[in-house]
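I opened the model and kept notes as I went. The entries follow.

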Amino acid sequence: MAADPEKELFLKEFGQGYGYPNAPKNIDEIRATEFKRLNDVVYLDHGGATLYSELQMEHIFKDLNSTLYGNPHSQSSCSLMTNDIVGEARRQARLYLHVLSFFNASPGEYKCIFTSGATAALKLVGETFPWSSQSTYMYTMENHNSVLGIREYALGKGAAAVAVDIEDAADLDRRHGGKSDVKIIPHTVQRRGEDGCRTKEQTSDTYNLFAFPSECNFSGRRFNLDLVNVIKEDSYEMPGTSPRHSGHWVVLIDAAKGSATSPPDLSKYKADFVVVSFYKLFGYPTGIGALIARNESAKLLKKTYFSGGTVAASIADVDFYKRRDGIEERFEDGTLSFMSIASLHHGFRILNALTMSAISRHEMSLASYVRNALLNLTHVNGNRVCTLYGLNDPELSSNEMGPTVSFNLKRPDGSWFGHREVEKLASLSNIQLRTGCFCNPGACAKHLGLSHSDLLSNIEAGHVCWDDRDILHGKPTGAVRVSFGYMSTFEDARKFLKFIESSFVSLPAQATHLDLLRATPFHPAAEGVGVNTRYFLKSITVYPIKSCAGFSVESWPLSSTGLLHDREWLLKSLSGEILTQKKVPEMGFITTLVDLKLGLLIVESPRCKEKLQIELKSGQSIAGREVMEIYSQRYEVQGYCNEVDIWFSNAVGRSCTLVRSYASQNHMCAQSRSIRMCRDVDTRLNFVNEAQFLLISEESIADLNNRLRSKKHNGPNNWPPEVNPVRFRPNLVVSGGKPYAEDGWRSVRIGERNFTSMGGCNRCQMINTSFTAGTVQRSNEPLATLASYRRLKGKIFFGILLKLCDSIEQDAWLRVGQEVVANTD
Ligand SMILES: Cc1ncc(COP(=O)(O)O)c(C=O)c1O
């Protein structure tokens, strides 16, 4: 095999633990035989969910197909066998193949209560914990929302809740200092109700809960598990609470993330509760997790509900029931997910064969390599590209950081790249990573340096989890996270680093089209572009129904909203959601035609036998009017009769209704919190996203196709395909001049009509969908190619948006062939 100097360097510097050299299969064999489906996808969201192996699934199918599993609550032989399997899955039948042994927990001391996941296990502790108004719920700032949510039970029972920072806990091992080295720094105490912040005396039956993650899912920081022993130590005074007196501290470890490489050793760190989700360990099955509970601590939990599975006896019409005796039997309501439980040992078998220590070393070598490389990236002006969260010192990172790297990127001028931009571009390069706060708001605020007032003003500005607002008030609202799994490879890490370098690091003398755009956005991008260049209108396309196919015409009337009837209709789901091709690609197969002479909108669909004809004049088919708000605009709309809605429901395969923007109503653009601020705030718009008209140039399309064609030499057969203008859903296509000259147009005259340019059109994944031969095909082109040279401040531009300047009298038409005079002043 040819030498790979980069890999050799990696192996020398970071690769001591890489690749499972002592396992039955090394990493390359594992990837080649058990993860064939990855192809050239780089999957780096193992913190979200790791991947199952194809061999694991084969074993599971074989097992399920050759065994009769009955409901474990019955007494038949197949039920008894299910019972045995479930029991075995909990306990320590064979080393590492089962849950308790995975955590080195003695079955005499701990029980494995199956739940639907880590969150369900956390909720179970929260809702059954013996809270009193003397109790405190203390948790580290770095915690998943599913841990923070326990606060609601505590506060609801009058208990106090305190978030804390753990300082230097990571130094404990090195200093052997034990308890005195742990510094717990409390934030303000939260309480509800009249008592406010009054600290209450604890009594011998006061129970407090302390929760922390074994590994932070935001930064990868591993918490020192000595914390368990320190907190449970009677003489340790917990800061921010009343003196301990006779109260008790119960410790919960959220091991959902950490267990994938380093499950807490419960023989050493005797936590009361540990929660885990199994898909984070070996990908499949989902919907199953566990609460590992110390026997004594489980007895503290006060359960209200009884159910099939947890009740020994009950009388239907008398207030009497008796719970089952076993700890698991008291908490596992209903029928367990026994098929999933029966599948667990196939996952544990993989971890066992590789060994957890080898998995940890393997993943850490990749994380250290990536961290190091990111830290060393600089722009041409010497400024650092990457800000890493967690430990910045790679020396420290190898043991105290898990296989997660979380970061943000900066431009040469120090401004931030938005994390959504990174995610969008990564996805175009077939790299799957995660961005945002990862459901860990405390870690997010802490690492990004967001104060309470920052957080509140972000919320005030409408920012919520999942949205696209990645930079607010000049600061990031989240981060980019890559996380490794046991099957990740050096090649994955390298491809990711190359992507970061090529997309975000500015190099010397990169006089690309992108730079020209940067320097003078939407000004002439090439020489010879000016009033003397001759352009012609090449085509006119009208899209009467938003997201459905349009029709091209030789000439078409203008109206005060753009091309007459353009985007005048839309489809809405029964819950009020606007349907678009993004979610409902079938809309692309609905063809439309407006016949002005007959006064009809005519629609056809391959799914409907008959074409549908709708009268343009308000007629028999119009139902009631209502007001709708979309894209920051208020619309007065009208619906149609049932027959019309049924036709469209059949055409798109889901229930929907057709609505029409009532053209005579004045639209207004409200001050909005929505991300999709209406750009053209002064103009009357139909159901367009941004502006009345979208114009593209034939020359720009040709240039794009040249670039796509040049990629073909490297790619597989006929890939990437060339695109025709329809992909961009333009209203107007012009020919003439140089590619991208339209970027510099300030205004344009077509025939006798004057238009103003509203700037470039920001492109999304929609242009990667093609509708050929009755099938929807999605790929990462042409957006990936456009991203390589048409990206500016997180947006990928192609085409320009226009607004009509003239007031429209009767009979104002555009015609194909008309001269287009561009003005760049
Ligand atoms: C640290 C941590 N805790 C808890 C959870 C919640 O796990 P689940 O959604 O599987 O219940 C997650 C999930 O990402 C996590 O990373």
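Which strands does helix α15 lie across? I found that α15 (residues 356–375) lies across β12, β13 and β18 (479–483). The helix runs at about 15° to β13. For angles I used axes fitted to C-alpha atoms, for helices over the stretch in contact, on a scale from 0 to 180 degrees between N-to-C directions. Helices (H or I, at least four residues) and strands (E, at least two) are DSSP runs, numbered from the N terminus.

Ground rules next. This is a predicted model, where local features need pLDDT of at least 70, side-chain atom pairs count only at pLDDT 80 or more, and totals for chains, interfaces and linings use all residues. Residues are numbered from 1 along each chain as its sequence is written.

Entry: the sheet under study. I read an open, antiparallel sheet of four strands in the order β12-β13-β18-β15. β12 (386–389) and β15 (434–436) stand at the edges with a single partner strand each, so one side of each has no neighbour in the sheet. Neighbouring strands here are turned by 30° against each other on average, direction ignored. I counted strands as paired if DSSP finds at least two bridges between them. β12 and β13 (residues 404–409) run antiparallel and are joined by four bridges. Tyr389 stands opposite Ser406 in β13.

Entry: Val370. Leaving out residues up to four places away in sequence, I listed Val405, Val482, Ala493, Phe496 and Leu497 as touching Val370. Contact means C-beta atoms, placed from the backbone, within 7 Å. Val370 is also among the residues that touch the most other members of the largest nonpolar core, which has 199 residues. Such a core is a set of buried Ala, Val, Leu, Ile, Met, Phe, Trp, Tyr and Cys residues joined through C-beta atoms within 7 Å.

Entry: the whole protein. I noted 24 helices and 40 strands. Of the 825 residues, 42% are buried (20 or more other C-beta atoms within 10 Å of the residue's own, all placed from the backbone). Among contacts with a separation of 6 or more, 71% join residues 24 or more positions apart.

Entry: a second sheet. It is open and antiparallel, with three strands in the order β22-β21-β39. The edge strands β22 (562–563) and β39 (813–815) each pair on one side only. Two bridges join β21 (residues 555–559) to β22. Ser559 stands opposite Gly562 in β22.

Note on methods: Two residues are in contact if their C-beta atoms, placed from the backbone, lie within 7 Å. A residue is buried if 20 or more other C-beta atoms lie within 10 Å of its own, exposed if 12 or fewer, and partly exposed in between; C-beta atoms are placed from the backbone.
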